[in-house]
Amino acid sequence: MLNSIKIGLWLFFVFALAVVYKVSLPSGWIFLTTLSPERPLIQEDVIKQSRSIIFVETTDRLEPPHLVSCAVESASRTYRDRPVLFFMKGLKNNTLLDSNSSYPAFSLLSAMENVHIHPFQMDSLFQETPLLPWYRKVDPKQERYWTHVSSDACRIAFIWKYGGIYLDTDVISMRPIPVANFLAASASQSSSNGIFGFPRHHWFLWGCMEDFVRNYRGAIWGYQGPSLMTRRLKLLCNLTNFQGVEDHHCHDISFLHPHRFYPIPYPAWKQYYEVWKTIPVFNNSYAVHLWNYMNQQRKTVVAGSNTLAENLYKAYCPTTYKVLIQGTEGSGQMQQNKTDSSKRS
């Protein structure tokens, strides 16, 4: 009886400490609990369903740019009944973030019901995959395209382990993708690796990881990414040119027409930041890829510009548009007004 009382008092004490700690945090702070190696990043029932929409940030950046926020928000709205998982390498266990001031995009995404933001470590992610020996051997400082190569590896590993759909962080979702096993064609006979979907432990992804390591050429841009997906698919399928907007099918994999995600091809990427006489509706597309890697000129979305990109933001990520585009413009204008006022006085 005495032992039971002691245990009860101890549990009450621990609970009270937790409540006091939570209350003592400043308003608007986000606390990421410790994830031990034994504790899975995602609940087991979610893993088994292979229904997640997955985004990955492999740099140490903590504040998502507005295009990343738009990509995640649009997926959250398009796939309302599915978990949207955003894995960020820069997050650490027990990270405190002032979400109301320093990290507006982080706060915006954290407030969405089906969006879950998780830290991750590559060493843990690559456990029990062919990628682990490669990762422990490679020297990131000697890699010309390390950010891209490591991202190529992570996205395959995440879908292999958890299943679902991987999306690049410059992909704006518009309508649900109706197939489960698919690769996205960027052109006839060329696959991208910026959008793909498979159930967990699918054999195609294991083959991709083995090829990634066996034929590693990190100094060639894209060789570990779209070139990898393309050569693996060509080993299985006789790829021919697309006719109309029909998708191709081979084994249990759908090879989706370029118009599904790339209605504007990469040489014409600037069209997203131009004003169109008639805004296209992209009826044959499930999402649009904005080719952010090509955007070396740092073209951006500006409130009131009426560019195609601005109209996409308004339609598919309105909260991001309001908070990060209109809000930023407003803040900048307010600051300018204050400066002008001080000069006049």
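Start with T169. At 19% relative accessibility, T169 counts as buried. Buried here means under 20% relative accessible area, exposed means over 50%, and partly exposed is in between, with a 1.4 Å probe and protein chains only.

Before going on, the ground rules. This is a predicted model, where local features need pLDDT of at least 70, side-chain atom pairs count only at pLDDT 80 or more, and totals for chains, interfaces and linings use all residues. Residues are numbered from 1 along each chain as its sequence is written, and side-chain values use heavy atoms, with hydrogens and water left out.

Back to T169. T169 sits in the loop between β6 (164-167) and β7 (171-173). Helices (H or I, at least four residues) and strands (E, at least two) are DSSP runs, numbered from the N terminus. What does T169 touch, leaving aside residues up to four places away in sequence? F55, V56, L67, V68 and A71. Contact means heavy atoms within 4.5 Å.

Now A315. A315 is in helix α10. Its relative accessible area is 48%, so A315 is partly exposed. The C-alpha atoms of A315 and M174 are separated by 8.8 Å, and these two residues are 141 residues apart along the chain.

Next, the cysteines. How many disulfides does the structure hold? Two. A disulfide is a pair of cysteine sulfur atoms within 2.5 Å.

Take C70 and C317. Their sulfur atoms are 2.1 Å apart, and they form a disulfide. This pair links distant parts of the chain, 247 residues apart. C70 is in helix α3 (residues 66-78). C317 is in the loop between α10 (308-316) and α11 (318-344). Both C70 and C317 are buried. The torsion about their S-S bond is about -85°, so this disulfide is left-handed.

Now C237 and C250. They form a disulfide with sulfur atoms 2.0 Å apart. C237 lies in the loop between α9 and β10 (248-250), and C250 lies in strand β10, so the pair ties together parts that are 13 residues apart in sequence. The torsion about the S-S bond of C237 and C250 is about -100°, so this disulfide is left-handed. C237 has 10% relative accessibility, so it counts as buried. C250, at 17%, counts as buried.

Count the bonded cysteines along the chain, and the pattern is 1-4, 2-3.

Two further cysteines. C154 has a relative accessible area of 0% and is buried. C208 is at 0% relative accessibility and counts as buried.

Two packed helices are described by the angle between their axes and the distance between the axes. The axes of helix α8 (residues 203-214) and helix α9 (residues 226-236) come within 10 Å and cross at roughly 120°. Axes are lines fitted to C-alpha atoms, for helices over the stretch in contact, and angles run from 0 to 180 degrees between N-to-C directions.

α8 and α9 are therefore oblique to each other. Under 35 degrees counts as roughly parallel, over 145 as roughly antiparallel, 65 to 115 as roughly perpendicular, and the rest as oblique.

Which residues meet? From α8, W203, F204, G207, C208, D211, F212 and R214. From α9, L228, M229, R231, R232, L233 and L236. The residues of this α8 and α9 contact divide into eight nonpolar, one polar and four charged. Ala, Val, Leu, Ile, Met, Phe, Trp, Tyr, Cys and Pro count as nonpolar, Asp, Glu, Lys and Arg as charged, and the others, Gly among them, as polar.
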